[in-house]
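Trainee: I am new to this structure and would like to go through it by question and answer. Please show it first.

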Amino acid sequence: MDQFFGGLRKLFQTGKTVIDNYVFQLHYRLTVIILIAFSLLVTGRQYFGDPIDCISKDDIPSDLLDTFCWIHTTFSVPSAWHKEVGEEVPYPGVDKFVKGEKKVHHAYYQWVCFVLFLQAILFYLPRYFWKAMEGDRVKSLVMDLKSPILSGEQLKKRKKLIMEYMVKHFKHHRMYALKYFLCELLTFVNVVGQMFLMDKFFDGEFFKYGLDVIKYSQDDQDIRIDPMIYVFPRVTKCIFHLYGPSGNVETYDVMCVLPLNIVNEKIYIFLWFWFIILACFTSIVLAARILTLAIPCLRIYFMRFRCRHVPLKHLKFIVSSTNIGDWFVLYQLSKNIDTLLFRDVISELARKLEEGEEFEQENLVI
């Protein structure tokens with residue numbers, strides 16, 4: 001298990017420069033770690049354990065039955081799901097199969113480990129796109145401003161470089177901000193789209209899966225029916241054909257136990273709740289982003305929340321003088337440098353912008 005999960009440690013490592021927010025990190029860091037861990041867990045159980053055991057009263061090698069039924073899938077009989085266990089059927093969904101009767105095939109368990117890994121890749125894509133489009137801009141601006149051993153002369157030089165960059169690129173950061181907002185929107189589209197993907201993967205059972213499990217936990221224990229057996233049956237059936245001694249085709253109706261589904265059902269009930277929570281958090285962030293775009297004065301309070309040492313009059317002047325792109329770059333800087341240093345940056349930038357406005361007004365008068 002150490003070999004399986006040791007490679008995930010790198011995803012826990014955080015970079016020195018922050019270019020996104022905590023909810024964004026939940027997508028590409030925590031969720032990716034969870035999905036890869038689940039994928040490795042299922043892979044270890046599936047390929048190095050015993051994922052299926054089929055039972056037959058005839059002299060058919062058990063390994064042969066297990067391999068055949070694993071490859072060719074198993075099935076359940078829907079008419080037997082609500083029959084009395086121990087009296088009418090040995091297990092819900094397991095009953096004598098009559099030709100022409102409806103049956104539900106179960107093939108997903110062969111693909112769970114691959115689907116989980118694919119989901120991890122999809123969750124990382126918004127981060128990949130944003131990192132490629134961001135181009136280490138914030139990292140280049142921040143440089144080593146987090147270092148506690150910089151001399152006063154070095155700090156002055158770094159602040160001067162930031163000032164020169166902001167003045168030179170004044171009102172040229174709109175596309176930079178919009179690219180990030182687009183990646184945030186992509187995270188929401190991804191998590192909702194993955195819910196539809198899993199619902200399709202489980203033949204329309206995923207959306208109601210969590211609600212059914214909650215309802216099941218509240219029902220009377222004597223009469224309740226576990227809804228997880230419909231999606232992840234622990235016992236299924238398999239039809240095996242073999243030539244008999246006379247050369248005729250013989251049909252064997254066998255019962256198979258799927259211990260792997262004990263793991264799968266726990267994984268997907270967790271993912272059901274986690275994706276709902278993640279979608280809610282992401283929608284809140286998107287709502288805040290829309291308000292920030294629509295109501296410029298809110299940008300003051302977002303910046304004020306992060307940097308209370310910055311004079312309010314300077315923040316108001318900066319926001320009124322810049323567009324959403326410049327504000328966003330400054331907001332990114334506030335995450336990466338000391339608050340007192342950021343106060344000096346904002347104050348100096350406000351002074352420079354005021355001097356620029358006065359200079360333009362004087363030229364207009366002349």
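Trainee: Which residues are linked with Arg234 in a network of salt bridges?

Mentor: This is a predicted model, in which local features need pLDDT of at least 70 and side-chain atom pairs count only at pLDDT 80 or more, while totals for chains, interfaces and linings use all residues. Residues are numbered from 1 along each chain as its sequence is written, and side-chain values use heavy atoms, with hydrogens and water left out. A salt bridge is a side-chain nitrogen of Lys or Arg within 4 Å of a carboxyl oxygen of Asp or Glu. The residues linked with Arg234 in a network of such bridges are Glu265 and Lys266.

Trainee: How far apart are the closest N and O atoms of Glu265 and Lys266?

Mentor: Buried means under 20% relative accessible area, exposed over 50%, and partly exposed in between (1.4 Å probe, protein chains only). Glu265 counts as buried at 1%, and Lys266 is partly exposed at 44%. The closest N and O atoms of their salt bridge are apart by 2.6 Å.

Trainee: How many salt bridges does the count come to?

Mentor: Side chains of opposite charge can pair when their charged atoms come close. One such case is Asp20 with Arg127, where the closest N and O atoms are 2.9 Å apart. By the salt-bridge rule, the count comes to 8.

Trainee: Why does the pair of Asp20 and Arg127 tie together parts that are 107 residues apart in sequence?

Mentor: Helices (H or I, at least four residues) and strands (E, at least two) are DSSP runs, numbered from the N terminus. Asp20 is buried, with a relative accessible area of 2%, and Arg127 is buried as well, at 12%. The pair ties these parts together because Asp20 lies in the loop between α2 (9-12) and α3, and Arg127 in helix α5.

Trainee: In which helix is Glu184, the partner of Arg289 in a salt bridge?

Mentor: The side chains of Arg289 and Glu184 meet at 2.8 Å, N to O. Arg289 counts as buried at 13% relative accessibility, and Glu184 is buried at 2%. The pair links distant parts of the chain, 105 residues apart, with Arg289 in helix α11 and Glu184 in helix α8.

Trainee: How many aromatic pairs are counted?

Mentor: A pair of aromatic rings is described by the distance of the centres and the angle of the planes. Rings of Phe, Tyr and Trp (its six-membered ring) pair if their centres lie within 6.5 Å; planes under 30 degrees apart count as stacked, over 60 as edge-to-face and the rest as tilted. By this rule, the number of aromatic pairs comes to 22.

Trainee: What is the angle between the planes of Phe24 and Tyr28?

Mentor: Phe24 and Tyr28 are 4 residues apart in helix α3 (residues 22-48), so about one helical turn separates them. Phe24 counts as buried at 2% relative accessibility, and Tyr28 is buried at 4%. Their rings form an edge-to-face pair, 5.8 Å centre to centre, with an angle of 65°.

Trainee: Which helices hold Phe38 and Phe270?

Mentor: Phe38 and Phe270 form an edge-to-face aromatic pair, 5.9 Å centre to centre with 85° between the planes. Phe38 counts as buried at 18% relative accessibility, whereas Phe270 counts as partly exposed at 37%. The pair ties together parts that are 232 residues apart in sequence, since Phe38 lies in helix α3 and Phe270 in helix α11 (residues 260-294).

Trainee: Which helices each supply at least two residues of the nonpolar patch?

Mentor: Patches are made of residues with over 30% relative accessible area and no salt bridge: like charges are joined within 9 Å, nonpolar side chains (Val, Leu, Ile, Met, Phe, Trp, Tyr) within 5 Å. The nonpolar surface patch covers about 710 Å² and includes Tyr124, Met133 and Leu182. Leu182 is exposed, with a relative accessible area of 53%. The helices that each supply at least two residues of the patch are α5 (112-134) and α8 (174-201).

Trainee: What share of the residues counts as buried?

Mentor: The secondary structure of the protein comes to 15 helices and 5 strands. Of its 366 residues, the share that counts as buried is 43%.

Conventions
Areas by Shrake-Rupley, 256 points an atom, 1.4 Å probe, with all protein chains shown as cover.
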